[in-house]
Each structure stands twice: as structure tokens, then as C-alpha cells.
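Hi there,

Here is the structure I promised to pass on to you. Have a look at it first, and then read my notes below with the model open beside you.

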Amino acid sequence: MATRTVIVHNRFQLGTSAWKFISVGLIIAILSAICIVYCAPYVYLLMTSFKSAGQLSEANSPLLPSDAVNFTYQGKDLPLYYVPIPDATGGTQTRTLALVQPQRDSATFLDPEHPDAPPITWSGRIRTLSKVFTPSFHPENYLTAAAQLDLPRLLLNTLTVSIVGALGAVSAAALVAYGFTRFRLPFGEILFLLVMSTIVLPPQVTIIPTFILFQRLGWTGTLIPLILPHFFGNAYNIFLLRQYFMGMPAELDEAAKVDGASPWQVFTKIILPNSRLALAAVFLLHFLFAWNDFYTPLIFLSGNQNSYVLSLGLQKFVQLHSGQANLLTGAALLAMLLPLVLFFMSQKTFMQGIVLTGVEK
């Protein structure tokens, strides 16, 4: 008698498309979790900047900007609380009551719906109860922070340092990179290595002689020490532009020279117009660096508050208003606003400039 073999098929076997769908879902979930973790501090910063000082002093206040709700009774504003009151069934019922008289281990409340009814005595510590809040935003925190920061003056000084310094950094780096890529210099490779070696030189090593130099020139307390050094080039910027210039065909230079162009005309008419992305990337890098710089302004601008930049102004603001988190976060967001807008508006140009130089970050 022949024996039949029964093959049991797995009904739960997943196909290729199902595994792809699961993989994509896992990747999206992981990226979403990373995004939430990364953005959470900024959301908290934004929410805190719109809160009132009264909400910040409450331990059980909600995350969203809100104000405590009061009940006006006989010309007095009584705060409302969520109070658990025993009911007839032996359980508790949470009611919204107005606090009349707080005591150590008890409190007297009033029912806002029936203000003429006898007061309700509740046993317990009042700090264990939660106040009633209603959503309320306070944009005036930004106006207060801007006024106390003297934001227009700080913003003008910071923009001057950032923009003028960035223009100087781009100009100097472009000239040096052009020399390294288009001219046969004696010991050119050695000179380039010497320039690159300055990257590993800590700025603290040169800050003392630099400070003495600017002090003898009478420039300390002004914006000049924050701007002038960048007109002498930066090794990292030089490296970025050199990598970009090396990728440009030399035939363009030769064709221009055949037409009678001088090296300076080749630089201004050929090299620079075709390097807009790289130049924009270097400009943005230096702009963001100068905007956030705190160490250099702290050394060279001490003693002259009229020359303070945003980083120093924020540091002084924190010292004066350390207990007012709503004003501190508002001031921080005001300082972050322009760099964030500039970066997101020019993000595509910035990333293309970095990638095309051969140094992807």
C-alpha cells in the first residue's frame, strides 16, 4: 500500500515585498525617534519662551504656555484647583474649587458654581493639588528680552563682525588658494603643508601675543581685533577653495590668456564666477563661526559694553536674569533666529559647495 506524504505549508511566510515594507517602516520609525529626541529641546525652548513667570513658579504646570484660572468673589481673585472630594459611594470625585483659606494640613474652598453655598473644608496639603490652567501665550517676553538685551546694538555689532569678517575670510582664502593652484611657487608644497599645519595650532597659543599687539595699537575694546585677523586667511578655508580650484580645467585659464587676459583677470573673470558655490560655503561657514564666537569677543571687548556682540550680551543677560527662564529662552531664540533662517534658506547651496570641494561634512 502506497504512503502519501503531506507537505505542510507555512501560512505565515512573508514575501519579499512584505520584508521591504517592514524594513522601510523600521527605518522610518528609527529616524522619527531620532528626530523627536533631537527636536525635543527646541520645542521645550520655544514653549518656555511663551510662558509667564507665574506658570514657571508652579511645580505642576502644563508643558504648553498657560495661565492659572482665577474666580472673582467679593472683589478677590481666588485660584481654582482640582480637588478630590469624597462622594456618597465611598469614592472620590474631582471638582474644580476656588481656594479661600489655605492652612498647613487643610484648606477651605468655595464652589464657583454655587458661591453662596457653605465653604468646603478639605484635609491635606495644598501643594499636592493641581491648579486649573488655560492656554495663554505671552509674546511680550520677546519684546522684554529684546529691550533689556539692547538687541539692535548687539545685532549691529554682530552683523558687522560676521559679514565683514566673512568677506575678508573669503577674499584672503580665494587669493591664497588661487596662488597655490595656478602658480608654480618655489617650495610650494612645503608652504602649503606649513599653512595646513596651522589647523592643529590651538588658538590659545597665539591669543596672548595677539592681544598684546592689538593693545599696543589701541584697538582693544573695538571690533577691529574680531575682523582684521580674518583678512589674512584661514587654513581650512584655503584648503576648501584649493580643492575646488584644482577641479577646474586649466584650459579655461589658457584660453583666457590667449585672449590677452592677465592673471588677475583670470582670477576675477574666470575663477571666481565659476566658484560661487564654494565661495558661498566658505562665507556661510565663517559667518556662523563669527556669529557664535564667544571666546575671542570675551578677551578683546572686555571693558567696553558698547562693542559687545550677541554672545557677550547673552552671557551678561543670563547673569542678570538667571531666575527668569521665559526671558532667557526668548533671548536665546532671538539670537538663534537669523542663523537658522540663513542656513535653511541657503542649505542647498551650502551642501553643494561643501560636496564639490571634495570635503563632505
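**The second largest pocket**

Helix 14 contributes the most, with five residues. Sorted by class, the lining has nine nonpolar residues, two polar ones and no charged ones. The space in the second largest pocket comes to about 200 Å³.

Ala-332 sits in helix 14, and its relative accessibility of 24% makes it partly exposed. From Ala-332 to Val-309 you count 23 residues in sequence, and their C-alpha atoms are 13 Å apart in space.

**The largest pocket**

How many residues line the largest pocket? There are 31, and Pro-203, Thr-206, His-230, Asn-234 and Phe-289 are the ones that lie nearest its centre. The elements giving two or more residues to this lining are helix 6 (203-217), helix 7, helix 8 (235-246), helix 11 (276-292) and helix 12 (295-300). Helix 6 has the largest share, six residues. By class, 21 of the lining residues are nonpolar, nine are polar and one is charged. The volume of the largest pocket is about 1200 Å³.

**The chain as a whole**

Now zoom out. The chain has 15 helices and eight strands. Its radius of gyration is 33 Å, well over the 21 Å that the globule rule gives for 361 residues, so the chain is more spread out than a compact globule. Along the principal axes, the C-alpha trace spans about 105 × 100 × 35 Å. Of the 361 residues, 34% count as buried.

How confident is the predictor? The average pLDDT of the chain is 85, and 92% of the residues score at least 70. Among the elements, helix 7 (residues 224-227) has the highest mean pLDDT, 94, while helix 15 (residues 347-356) has the lowest, 64. Where pLDDT is low, the predicted coordinates should not be read in detail.

**Salt bridges**

Side chains of opposite charge can pair when their charged atoms come close. A search of the whole structure turns up five salt bridges, and here are some to look at.

- Glu-58 pairs with Lys-131, and their closest N and O atoms are 2.9 Å apart. With a relative accessible area of 25%, Glu-58 is partly exposed.
- Asp-253 and Arg-182 meet in a salt bridge with an N to O distance of 2.4 Å. Because Asp-253 belongs to helix 9 (residues 250-258) and Arg-182 to helix 4 (residues 151-182), the pair ties together parts that are 71 residues apart in sequence. Are these two residues buried or exposed? Both Asp-253 and Arg-182 are buried.
- Asp-150 and Arg-153 form a salt bridge through their side chains, at 2.7 Å from N to O. Asp-150 is partly exposed at 33% relative accessibility, and Arg-153 is partly exposed too, at 24%.

**Two backbone angles to check**

Asp-150 comes up again here: it is not a glycine, yet it has a positive phi of about 60°. You will find Asp-150 in the loop between helix 3 (140-149) and helix 4.

Which residue has a phi near 55°? That is Phe-187, again a residue other than glycine with a positive value. Phe-187 lies in the loop between helix 4 and helix 5 (188-197), and its relative accessible area of 62% makes it exposed.

Enjoy exploring, and write back with any questions!

Best wishes

Note on methods:
Residues numbered from 1 in each chain as written. Predicted model: local features only at pLDDT ≥ 70, side-chain atom pairs only at ≥ 80, totals over all residues. Heavy atoms only, no water. Salt bridge = Lys/Arg side-chain N within 4 Å of Asp/Glu carboxyl O. Buried < 20%, exposed > 50% of the residue type's maximum accessible area, 1.4 Å probe, protein only. Helix = DSSP H or I, 4+ residues; strand = E, 2+ residues; numbered from the N terminus. pLDDT = per-residue confidence, 0-100. 1 Å grid on protein atoms, 1.4 Å probe; cavity = no way out; pocket = protein on both sides within 12 Å on 5 of 7 lines; lining within 4 Å. Points joined across faces, edges and corners; volume = space filled by probe spheres on them. Nonpolar A, V, L, I, M, F, W, Y, C, P; charged D, E, K, R; others polar. Rg over C-alpha atoms; globule rule 2.2 N^0.38 Å.
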